[in-house]
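Trainee: I am new to this structure. Could you walk me through how to read it?

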Amino acid sequence: AYLGARVIKIEPPEGEYTRRRPTRLGPGFTPPFIMLNSSKESVTLNLRDERGRALFKDLVERADVVLENFTPGTMDRLGLGYEALREINPRIVYAQSSGYGSTGPYRDYPAMDVTVQAMAGVLAITGFADSEPVKAGPAVDDLMNELRPLLSPGDILIDGGNSFFPDTIRRTKEIEQAGLLF
């Protein structure tokens, strides 16, 4: 959204979890939510429900890009994977981001920022020598690694192509290349 795109974020029926964190400013005004979602439009849809999927498909008809970060196979199981969406909109750019990629031994692992920091060894180098490991202050992995799936589809749109970006981000590959996976 900061780069000029109209971004419509699909949230679960109860809204995104960062909206519900306690804050002095009231519901929906948490610093993480404001930081990560300003300039975006939001809509709540239950993608497990037929009506929610139909509304999502209506949005896809007019979309340039779909960026999803479910665990591998979720969108296909919902009937909303790349092939299904391309039938609705042949020019769609579909970017996929999963914590540890869609293949390999860690594909089904949950990947919150702190778990990736632990797998990468970041927790072993933060904190104090005489205490338990400490998470890096900001959500380093989430913030830095989520930039690529946002920028890659833009490159394709500029070139006028249609593409599917499986594993636009694969944290495991980066961790292994850095020699940090033990």
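**Reading the model, feature by feature**

Mentor: Start with Gly15, which sits in the loop between strand 1 and helix 1. Helices (H or I, at least four residues) and strands (E, at least two) are DSSP runs, numbered from the N terminus. This is a predicted model, where local features need pLDDT of at least 70, side-chain atom pairs count only at pLDDT 80 or more, and totals for chains, interfaces and linings use all residues. Residues are numbered from 1 along each chain as its sequence is written, and side-chain values use heavy atoms, with hydrogens and water left out.

Trainee: Is Gly15 buried or exposed?

Mentor: Buried means under 20% relative accessible area, exposed over 50%, and partly exposed in between (1.4 Å probe, protein chains only). Gly15 has 4% relative accessibility, so it counts as buried.

Trainee: Which residues does Gly15 touch?

Mentor: A contact means heavy atoms within 4.5 Å. Leaving out residues up to four places away in sequence, Gly15 touches Arg20 and Thr44. Look at Ser42 too: its C-alpha atom is 9.0 Å from that of Gly15, though the two are 27 residues apart along the chain.

Trainee: How many helices and strands does the protein have?

Mentor: It has eight helices and five strands. From the N terminus on, they run β-α-β-α-β-α-α-β-α-α-α-β-α. Of the 182 residues, 32% count as buried. Take the contacts with a separation of 6 or more: residues 24 or more positions apart account for 61% of them.

Trainee: What should I look for inside?

Mentor: In soluble globular proteins, nonpolar side chains tend to be buried together. A nonpolar core is a set of buried Ala, Val, Leu, Ile, Met, Phe, Trp, Tyr and Cys residues joined through side-chain atoms within 4.5 Å. Here the largest such core has 13 residues, and Phe56, Val66, Leu80 and Leu85 have the most contacts inside it. Helix 2 (50-62) and helix 4 (82-88) each supply at least two residues of this core.

Trainee: Which residues does Phe56 touch?

Mentor: Beyond four places in sequence, Phe56 touches Ile10, Leu45, Leu47, Val66, Met75, Leu80 and Leu85. Now compare Phe70, in the loop between strand 3 (65-68) and helix 3 (74-77). Phe70 counts as partly exposed, at 36% relative accessibility. Its contacts, again beyond four places, are Leu47, Met75, Ser97 and Ser98.

Trainee: And polar side chains? Where is Gln117 found?

Mentor: Gln117 is in helix 5 (residues 113-120). It is buried, with a relative accessible area of 2%. A polar atom of its side chain lies 2.9 Å from the backbone nitrogen of Ala136. Beyond four places in sequence, the residues that Gln117 touches include Ala136, Pro138 and Val140.

Trainee: How do I read charged pairs?

Mentor: Side chains of opposite charge can pair when their charged atoms come close. A salt bridge is a side-chain nitrogen of Lys or Arg within 4 Å of a carboxyl oxygen of Asp or Glu. A search of the whole structure finds four. One of them joins Arg6 and Glu41, with the closest N and O atoms 2.7 Å apart.

Trainee: Why does the Arg6 and Glu41 pair tie together parts that are apart in sequence?

Mentor: Arg6 lies in the segment before strand 1 (8-11) and Glu41 in strand 2, so the pair ties together parts that are 35 residues apart in sequence. Arg6 counts as exposed, at 64% relative accessibility. Glu41 counts as partly exposed, at 36%.

Trainee: Are Lys9 and Glu16 buried or exposed?

Mentor: Both are buried. Their side chains meet in a salt bridge (1.9 Å, N to O). Another salt bridge pairs Asp108 with Arg107, the closest N and O atoms being 3.2 Å apart. Asp108 is exposed, with a relative accessible area of 57%, and Arg107 is partly exposed, at 29%.

Trainee: What about backbone angles? Which loop holds Ser39?

Mentor: Ser39 is in the loop between helix 1 (31-37) and strand 2 (41-44). Check its phi: about 75°, a positive value, although Ser39 is not a glycine.

Key:
Polar contact = N/O pair within 3.5 Å; in protein donor to acceptor, adjacent residues only side chain to side chain.
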